[in-house]
Structures are given as structure tokens and as C-alpha cells.
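Please look at the sequence and the structure below.

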Amino acid sequence: MDWYPLYNSLRIAAVSSVVVFFSGIFAAYYIARLNKVAKGVLDIILTLPLVLPPTVVGYFLLLLLGARRPLGAWALGQFGVKLVMSWYSAIFASIVVSFPLMYRTARGAFEGFDETLSYSGQTLGLSNTYIFWHIRMPACRQGVLAGLVLAFARALGEYGATSMLAGYTPGRTSTISTTVYQLWRTGDEGLALRWVLVNLAISAAVLLAVNLLEHKGKDKK
């Protein structure tokens, strides 16, 4: 059994999660402070990938990152790097589809934060950066961590946008999801079932982690 799809899926999900973690909490923090109209508009834009079919997300990414498209042509011309049909192409897809989970969960956590703690820190002369990382983030860490775990799980299981952007090449771009489909398509249901079981085990572990974080958060209230 070739374990490359698991390794590739894990590294794609890990890189995506790091990017989504920082971009998600940044967007959540600043958008939560906006007025209702601006917040509503940005919410719609940033959450769209969560409700759009993954293949539609993949199509839009191809329009942007394809070799003859704006960013794709620029990257190919300037650096000789193709942004599609490589293992790291799946990172772009995973970031886009998992970002809404991180953003929405973190924003909910930030909106539930007691702002009097922030005001108290300001009266003591603490900087906004210090208050964010040492007061706000620790108070909201359960929600933020839950969002990160969900984003990781979503990136790990991504198929639609990934298959359009990275394709399927054994030992190069294959992930667990694309491997399961290809094995089923070629009639190798036994090996496909093994990968399904691997995915089920990882998904169960992720859900257990989310539940533990939720219970821990409730116990502290």
C-alpha cells in the first residue's frame, strides 16, 4: 500500500491550516469590529466558498491560476512555476474551501469576548498587540482552536476543487480523496475501502478533538 496519498494530504492540510489560521483570525478580528452593513457584505464574500459546490470553487481558481490566466501566467513568466497540476496546487484549493470555517468560528469567539478586559488592559498602558495575543486570544482559544481543527479536517478531505486544480498523478498530486475516487473508478474496491477506513479514522479523531475543546470550554464557564 503506497502511503503517499496520506503524506500528501497531511502536508497539504498542515500548510493550508497555518495560512488559514493567521488569515482567519486577522479577518475575524477586524470584521467583527465593523458596522453591520460592512460586516454583512464581507461575510457573504468570505463565506461563499463554504456553500458553493467545490467544483465551482475549483473552476474559479482555474480562471485565476491557470497557465494562461492572470496570476498563473505571471507566476509562470516570472518564476517558471506552474500554479496548477502540482501537489502544492491543492494548497490553494484547500485554503479557499477551509478559510470560511476558521473565519466564522474565530469571529464568533471574538464577538463573545468581554471587551472590558481589553479596556482594562488599555488603561494599564498595554499595547493593542499585547492585549490581542495575551488577553483576547487566551480567552477565545477554545473557539479559535475548534475553528483550526475544523479547517484542517476540511482541507484534509477536500476533493472537488483539488481534483480540478491539482488533478490526479500517483506519487505526485494524489491525495486520499482523489485516490479513493480513482481506485473506485478502476474497480479496485478493496484498496479504496482501506483508504476510506483511514479517512474515517482521521475524521473521527478530528471530531473527538472538537468535542473535547467544546466540553473544555463549557467547563470553564
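V51 sits in helix α2, which covers residues 36-51; helices here are DSSP runs of H or I with at least four residues, numbered from the N terminus. The model is predicted, so local features need pLDDT of at least 70 and side-chain atom pairs count only at pLDDT 80 or more, while totals for chains, interfaces and linings use all residues. Residues are numbered from 1 along each chain as its sequence is written, and side-chain values use heavy atoms, with hydrogens and water left out.

Is V51 buried or exposed? V51 is exposed, because its relative accessible area is 62%, and exposed means over 50%, buried under 20% and partly exposed in between (1.4 Å probe, protein chains only). V51 forms a nonpolar patch on the surface with I44, L48 and L50, and together they have about 370 Å² of accessible area. Such a patch is made of residues with over 30% relative accessible area and no salt bridge, with nonpolar side chains (Val, Leu, Ile, Met, Phe, Trp, Tyr) joined within 5 Å. The areas come from the Shrake-Rupley method with a 1.4 Å probe.

A salt bridge is a side-chain nitrogen of Lys or Arg within 4 Å of a carboxyl oxygen of Asp or Glu. D43 is buried, at 10% relative accessible area, whereas R104 is partly exposed, at 39%.

Within helix α5, R107 and E111 lie four residues apart, about one turn of the helix. They form a salt bridge too, with the closest N and O atoms 3.1 Å apart. R107 is buried, with a relative accessible area of 12%, and E111 is partly exposed, with 40%. How many salt bridges does a search of the whole structure find? It finds six. Another of these joins E158 and R154 (3.1 Å, N to O). E158 is buried, with a relative accessible area of 2%. Through shared partners, salt bridges join K39, D43, R104, R107 and E111 into one network.

The last topic is a pocket. F22, I25, F26, Y29, Y30, N128, T129, F132 and W133 line the second largest pocket. Helices α1 (4-31) and α7 (128-157) each give two or more residues to this lining.

Methods. On a 1 Å grid over the protein atoms alone, a cavity is a set of points where a 1.4 Å probe fits but cannot get out, and a pocket is an open set with protein on both sides within 12 Å along at least five of seven lines; lining residues have an atom within 4 Å of a point. Patches are made of residues with over 30% relative accessible area and no salt bridge: like charges are joined within 9 Å, nonpolar side chains (Val, Leu, Ile, Met, Phe, Trp, Tyr) within 5 Å.
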